Amino acid sequence: STPVNLLNQSKQKREKVSDSLFIRDGPEKTPQLQIRPSSINMFSNQTSYSRTNPYINVSNSPQRINEEVVIQFLKLIMDIELKIEKLKIDLAKRVDFNIGDAFQVFENTHHNFITQSDLQKGLNALDIYPNYYEIILLMKKYSLNDDDSLSYSDLFDMLTPFCREYRSMIEERQSMNTFTHYNKGEIFLNTTKGCLVNLLKFIIETENVIERERERLNKIYTFN
């Protein structure tokens, strides 16, 4: 199956996300998205949540404390997702970027899916060196079928903005690679590779942050 067919076959599986928050005057208008510099390290100095958590200025009611902690956790996720969307839009603006070539950076077995080993090798080719735990987190976040592999559609969702204009623009792009043997790390222009690397590094870093905060949240003795 061609990448286009693979994408079309799994389109219905992807969740339809509204892009009403974005400017609709054409793909050149980029949403003005910001992330608070301190948000990623919001709880970095805390060994565990407690009723004396300095980030929570509320009564000692366990229920109220739980509510405030969850709210701050959700705000952290929203800030991170907005920044990821901005990085995806920066990548989408690169005219040589397309999912067909991106898929070839990672897929090594010619079985039309990306294994954990494939993902590790592809990231290494881009000079990104995550550990085993970080690879597992990426698989867990983006594998639609939760089967320890990424499909063409999964990678599409991983690298493509929710904004409909940019999403459609990338869907229409064809693979620009015509060589059977190539250096996977050099398949895109250097500026495009830089955008791709920035996006992937940020996803890995922040997924680590979210997982740590998720674990801490579940250690609160009153949290259910």
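Helices (H or I, at least four residues) and strands (E, at least two) are DSSP runs, numbered from the N terminus. Keep in mind that this is a predicted model, where local features need pLDDT of at least 70, side-chain atom pairs count only at pLDDT 80 or more, and totals for chains, interfaces and linings use all residues. Residues are numbered from 1 along each chain as its sequence is written, and side-chain values use heavy atoms, with hydrogens and water left out.

**The chain overall**
- Among contacts (heavy atoms within 4.5 Å) with a separation of 6 or more, 72% join residues 24 or more positions apart.
- The accessible surface (Shrake-Rupley method, 1.4 Å probe) is about 12,700 Å², and 50% of that surface belongs to carbon and sulfur atoms.

**Helix H3**
- H3 (residues 99-106) is largely enclosed by the rest of the structure, because seven of its eight residues are buried.
- Those buried residues are Ile 99, Gly 100, Asp 101, Ala 102, Phe 103, Val 105 and Phe 106.
- They pack against strands E1 (113-115) and E2 (149-151), plus helices H4 (116-125), H6 (152-159), H7 (164-171) and H8 (190-218).
- Asn 98 caps the N-terminal end of H3, with a side-chain oxygen 3.2 Å from the backbone nitrogen of Gly 100.

**Helix H6**
- H6 also has seven of its eight residues buried, so it too is largely enclosed by the rest of the structure.
- The buried ones are Tyr 152, Ser 153, Asp 154, Leu 155, Phe 156, Met 158 and Leu 159.

Notes. Buried < 20%, exposed > 50% of the residue type's maximum accessible area, 1.4 Å probe, protein only. Polar contact = N/O pair within 3.5 Å; in protein donor to acceptor, adjacent residues only side chain to side chain.
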